[in-house]
Amino acid sequence: MKIAFIGLGVMGYPMAGHLKKAGHQVCVYNRNNEKALTWQQEFDGDIAATPALAAKGCDIVFACVGNDDDVREIALGEEGVFSGLDKGSIFIDHTTASAELAVELGAIASKNGQYFLDAPVSGGQAGAENGVLTVMVGGEEATFAKAEVVMTAFARFSQLMGPVGSGQLAKMVNQICFVNTVQGLAEGLNFAQKAGLDTDKLLDTIGKGAAGSWQMDNRGKTMCAREFDFGFAVDWVRKDLAIAFEAADKLGADLTITKQLDGYYQEIQENGGNRWDTSSLISRFKNES
């Protein structure tokens, strides 16, 4: 297929690369053109000067940028994706953004005779680099069926959650669940270190039981070592949680504990840990081991 990818951050750069390696004709756009040139040198794809030019003639346009404002910037206006996207083509937004924005973009696409999917991803930088992301999708079933085959280039699993906006709501649940899991792991490992347990043996043992999780398997040992340079940053999780809190207020959903954890992440930011990964919740405990 002829494909465009908008946004070459820590997620988009490898995702676009996987699409090119899968045999698709890929054109990229990035606000920092030097990053686009680097991508082109590595993957031998094309570069466009604007999102509209990147989208022109494409079957599918993927985007993965920072937040709602960034999505609006690349999607709307004379140089945005929608102005270059052909009728019948698909715009897929992998950004973690609000469900309200997804619904807005879906309505614009429908009016233009185009198709839209909100499709936030889980798996972090490592998942993007290894092509094993999980994708939560909102949109029409027929559109999803066309896109799912292409997304296998960078995703090991994708699921249609419901109409447009449902993907973003599912991602909010993902973020709520994983930060609570990280806090439980942080408290448990701090307890283990203070008790003088061999944490390598401990993780290898309890990871095979009811306490096991992706976070334990992938971050347990590095948390014990107070190493926090593994991708998804505190700044970004707080952005995601803010979206979830706004939605929860509208839904009347109780996120009391998650809001407390957001406060912990704020403490980490204030102490200079903005770019630490989310496992840094354990940094709030003094390491005396």
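A: The domain interface

Between domain 1 and domain 2 an area of about 1,000 Å² is buried, with carbon and sulfur atoms giving 63% of it; buried area is the accessible area (1.4 Å probe) that two parts lose on being put together, summed over both. The model is a predicted one, in which local features need pLDDT of at least 70 and side-chain atom pairs count only at pLDDT 80 or more, while totals for chains, interfaces and linings use all residues. Residues are numbered from 1 along each chain as its sequence is written, and side-chain values use heavy atoms, with hydrogens and water left out.

The bounds, 2-162 for domain 1 and 169-284 for domain 2, come from an automatic or database domain assignment, and the C-alpha centres of the two domains lie 28 Å apart. In contact (heavy atoms within 4.5 Å) are 13 residues of domain 1 and 11 residues of domain 2.

The rule finds one salt bridge across this interface, a salt bridge being a side-chain nitrogen of Lys or Arg within 4 Å of a carboxyl oxygen of Asp or Glu. Glu-100 and Lys-250 form a salt bridge in which the closest N and O atoms are 3.0 Å apart. On the side of domain 1 that touches domain 2, the elements giving two or more residues are α6 (99-112) and β7 (121-122), where helices (H or I, at least four residues) and strands (E, at least two) are DSSP runs, numbered from the N terminus.
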